[in-house]
Amino acid sequence: MCTLEKRGNLFFLTLTGDDDHRLGPDAIDSILSAISQLKSQATPGSVLITTAQGTKFFSNGFDLAWARSADSKSGAVTRLRQMVASFKPVAAELISLPMPTIAALPGHAAAGGFLLSLCHDYILMRRDKGVLYMSEVDLGLPFPDYFAAAMRSKIGSVSARRDVMLKGAKIKGDDAVRMGIAESAHDSAEKTLEAAVRLAEQLAKRKWNGEVYAEIRKSMFPELCGVLGVSTKVIAPKL
C-alpha cells in the first residue's frame, strides 16, 4: 500500500508498512490510484518523490508468496502473470507523468522494485545499505517485455545491462552512480531523502510545462513507450 502527500509543489508517494513492500495486487492498485490523484493536482513546478517507510527495503518486487499460495502450479503462474500485467500501467503512467520524478531509495530495490525506481527520472540511493538487484536470472524467471525494454532504454552501458540482467549483480549505491544508473549516493536513508527534496526543489523552481516535459521524456525512450503502449502528442509551440 502507499500514501500520497503534497507539500507545496512536491508530491511524496510513500510505500507504507514495515515489510519489504511487495508489489501485490492491492499495492499496485494503491500506487495507480495515487498516481491518478497526483496527475489531477499537477501544476507547473510539480515534482514527484517516491520513497518507502523503513530503512531496509524500497521494494522487494512482486508478491511471490501470494503467487505461490495458489492451489496449483498453474494457479501460481497465473497470479504472477496477473501482477506482471497489472504493474505495466504503473510503468506507463510514470513514463508519461507530466512532472519530474525522483525515486529516493531507503534500502533494497529488487526485481519489480528495481523496475519501479528505474521508471523515474532520477534514482537516489544510500551508500551504506541497499542494493539494486534484478533477481530474475537467479529465480529462473524470464524478463517481461517491458522490463527488458526499460533496461535497454534506461541503462546505457552494455556491460552494466549484462551485469544487471545476466549476472544478477547486487549493485550498491556508489557503483550504481558509476554505472550511470543512479544520480547520487548518500550516507543514510534520511540523507537520501533530504537530497531528493533538495533536487526536487531545484527542479520545481523551473516551473516547466508538465505536458511538454512528459512529451520530451517519451521522445527519449521510443522503444519503451512502444512496448508500454504509451502514445505521443503533438504540442503546438508557444513562441
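Met125 sits opposite Ala185, a residue of β10, and the two strands involved, β7 and β10, pair in the parallel sense over 3 bridges. Bear in mind that this is a predicted model.

**Strands around β7**
- β7 is mostly covered, with 4 of its 5 residues buried.
- β5 also pairs with β7: 3 bridges join them, and they run parallel.
- In that pairing, Ile102 stands opposite Tyr122 of β7.

**The open sheet**
- Four strands make up an open sheet, in the order β4-β6-β8-β9, and the pairing is mixed.
- β4 (57-59) and β9 (170-172) are the edge strands, each pairing on one side only.
- On average, neighbouring strands of this sheet are turned by 20° against each other, ignoring direction.
- β8 (residues 131-133) and β9 run antiparallel and are joined by 3 bridges.
- Leu132 has Ile171 of β9 as its bridge partner.

**Helix α1**
- α1 covers residues 25-41, so at 1.5 Å a residue its 17 residues should span 24 Å; the end C-alpha atoms are 25 Å apart, which agrees.
- Which residues of α1 are buried? They are Ala27, Ile28, Ser30, Ile31, Ala34, Ile35 and Leu38.
- Look down the axis of α1 and its buried residues fall within an arc of 160°, so they line one face of the helix.
- As background, an α-helix has 3.6 residues a turn, so residues three or four places apart point the same way.
- Turned away from the buried side of α1 is a face that carries the exposed residues Asp26 and Ser40.

**How α3 meets α6**
- α3 and α6 (residues 145-154) pack at an angle of about 30°, and their axes are 10 Å apart.
- Angles under 35 degrees count as roughly parallel, and α3 and α6 are therefore roughly parallel to each other.
- On the α3 side, the contact is made by Val84, Phe87, Lys88, Ala91 and Ile95.
- On the α6 side, Asp145, Tyr146 and Lys154 make the contact.

- Val177 is found in helix α8 (residues 173-178).
- Is Val177 buried or partly exposed? At 32% relative accessibility, Val177 counts as partly exposed.
- Not counting residues up to four places away in sequence, Val177 touches Ala182, Glu183, Ser184 and Ala185; Ala185 is the residue of β10 that Met125 stands opposite.
- Val177 and Ala236 are 59 residues apart along the chain, and their C-alpha atoms are separated by 37 Å.
- Glu215 belongs to helix α10 (residues 210-220).
- Glu215 counts as buried because its relative accessibility is 12%, and buried means under 20%.
- Leaving aside neighbours within four places in sequence, Glu215 is in contact with Thr232, Lys233 and Ile235.

Technical notes: Residues are numbered from 1 along each chain as its sequence is written. This is a predicted model: local features need pLDDT of at least 70, side-chain atom pairs count only at pLDDT 80 or more; totals for chains, interfaces and linings use all residues. Side-chain values use heavy atoms; hydrogens and water are left out. The expected span of a helix is 1.5 Å times one less than its number of residues. Buried means under 20% relative accessible area, exposed over 50%, partly exposed in between (1.4 Å probe, protein chains only). The arc is that of the directions from the helix axis to the C-beta atoms. Contact means heavy atoms within 4.5 Å. Two strands pair if DSSP finds at least two bridges between them. Axes are lines fitted to C-alpha atoms, for helices over the stretch in contact, and angles run from 0 to 180 degrees between N-to-C directions. Angles under 35 degrees count as roughly parallel, over 145 as roughly antiparallel, 65 to 115 as roughly perpendicular and the rest as oblique.
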